[in-house]
Each structure stands twice: as structure tokens, then as C-alpha cells.
Amino acid sequence: MAVKLDLKELINKAKKADQKAFRALLSHFWEDVYRFQLKRTKDTYEAEEITVQTFARAFDRIETYEENFKFKTWLLTISKNIHIDLTRKQKLKTSEIDTSGVSQIADIEPTVEDKIINEQNLSNLLRQIKELQPHYREVIELRFFKEMSYKEIAVRTEQPITNVKVRLLRAKKLLAEIINQNQNG
């Protein structure tokens, strides 16, 4: 029962644009949405793309979530609809995400992942970044090495800003996991 209360609290905080709540929801539900899409698409890249779009759309429209539905079901419904839209259009880069709420997913304060990444020396960090999949490596390099804004990255990658922010959150989390594995391994 405590998990449900924590989840409800996270959702309420996310509705108030709490960044930690967004990150916690992304971390908690990423695998569920990703596995759901992997079963549908049978393609890891496409499943990740749709998962990124799912969280971007969900975070943009979090205020529309109704508590009488399970949050996971709400996310999976969004994900299913995105997949259906993309299948109809046959173009992965097409997105109908409303960018009016883009600021909700801002990466303002340093996260645990940011702190872990900052503690690495440059040569180790570059080696570990190369372990990321290309689409994650690209946003990390554009944001932190070329110091591009979210908007500039969105233009460069031809993705909505919301997708860029979610992809960057995920890339930093994966990079922090790689760093921790290398330190402990």
C-alpha cells in the first residue's frame, strides 16, 4: 500500500512540475514501457524511440492523468497510441508532441547521475560515453561537449525539444550506470 501512496505523491508532485518526481517516474516505469514496445516492434531502437516519445507526451500532459486509472496503464495507452500513429505514418521521426509544456522537463538541478558523471576524468568519461548507443551518445556529446541548448539539439537531431530532454535524462542515467559498473567491476 505504501508504494501506491508514494506513486500517488510522485504523480501529484509531477503535476506541479517537480523535476525529481519526473525523474523518479521515468526511472520507475521506463522498463515497463520499453518492454511493452519491444514486444510490439521487435526492434530495440524503435522501442526506445517510442518509449522516449511516450514519456515526453506523458510529462507534457501529466495534468490530464486521472487517478481512477493506473498510471502504468495510462503510460502504456499513450505508448500504444504513439506506436499506432507511427505505424500509420511509417516515419519514426514524426511526432505530434505539444511543446507548450516543454519547460516541465527542464534539467535544472544536478542529479545523482550528473554528480557521478562529473567525478570522472575526461579520458575515462569519453571511453564510457562510447559504450552508449549512438542516439544517447549524440545527445550527451551535443549537450555537454558542444554545449548546445535543448533547442539547438532539437534542430540538429530533428526531434521535438521534449524528446531531446527525455532522451538526455535517459542517456545520463545509462551513463551513470556504466560508470558505476566500471568502478565496481
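**Briefing: helix packing, aromatic pairs and selected residues**

Gln19 is buried, its relative accessible area being 12%. The residue belongs to helix H2, and the structure that contains it is a predicted model.

**Contact of H2 with H9**

- Helix H2 packs against helix H9 (residues 161-184) at an angle of about 75 degrees, and the two axes are 11 Å apart.
- H2 is therefore roughly perpendicular to H9, since angles of 65 to 115 degrees fall in that category.
- On the H2 side, the contact is made by Arg23, Leu26, Ser27, Trp30 and Glu31; on the H9 side, Val166, Leu169, Arg170 and Lys173 take part.
- By class, the residues of this contact divide into four nonpolar, one polar and four charged.

**Contact of H7 with H8**

- Helix H7 (residues 134-145) and helix H8 (residues 150-157) have axes 10 Å apart and pack at an angle of about 140 degrees.
- This angle makes H7 oblique to H8, because only values over 145 degrees would count as roughly antiparallel.
- The crossing in which H7 passes H8 is right-handed.
- H7 contributes Glu138, Val139, Leu142 and Arg143, which meet Tyr150, Ile153, Arg156 and Thr157 of H8.
- Four nonpolar, one polar and three charged residues make up the contact of H7 with H8.

**Aromatic pairs**

- The count of aromatic pairs comes to seven.
- Phe29 and Phe71 form a tilted aromatic pair, with 5.3 Å from centre to centre and 55 degrees between the planes.
- Phe29 lies in helix H2 (residues 19-41) and Phe71 in helix H4 (residues 71-89), so this pair ties together parts that are 42 residues apart in sequence.
- Phe29 and Phe71 are both buried.
- A cluster linked by ring pairs contains Phe22, Trp30, Phe55 and Phe59; of these residues, Trp30 also takes part in the contact of H2 with H9.

- Gln19 of H2 and Thr111 are 92 residues apart in sequence, while their C-alpha atoms are 9.8 Å apart in space.
- Ser79 is located in helix H4 and counts as buried because its relative accessibility is 0%, where the limit for a buried residue is under 20%.
- Neighbours within four places in sequence aside, Ser79 is in contact with Val33, Phe36, Gln37, Ile50 and Thr54.

- Most residues other than glycine have a negative phi.
- Ala17 is not a glycine, yet its phi is positive, at about 65 degrees.
- Ala17 is found in the loop between helix H1 (2-15) and H2, and with a relative accessible area of 33% it is partly exposed.
- Glu147, likewise a residue other than glycine, has a positive phi near 50 degrees.
- Glu147 is placed in the loop between H7 and H8, the helices that pack at about 140 degrees.
- Glu147 counts as exposed because its relative accessibility is 66%, and the exposed class covers values over 50%.

Methods:
Residues numbered from 1 in each chain as written. Predicted model: local features only at pLDDT ≥ 70, side-chain atom pairs only at ≥ 80, totals over all residues. Heavy atoms only, no water. Axes fitted to C-alpha atoms, helices over the stretch in contact; angles between N-to-C directions. Helix = DSSP H or I, 4+ residues; strand = E, 2+ residues; numbered from the N terminus. Parallel < 35°, antiparallel > 145°, perpendicular 65-115°, else oblique. Left-handed = near helix turned anticlockwise from the far one by under 90°. Contact = heavy atoms within 4.5 Å. Nonpolar A, V, L, I, M, F, W, Y, C, P; charged D, E, K, R; others polar. Phe/Tyr/Trp six-rings, centres within 6.5 Å; stacked < 30°, edge-to-face > 60°. Buried < 20%, exposed > 50% of the residue type's maximum accessible area, 1.4 Å probe, protein only.
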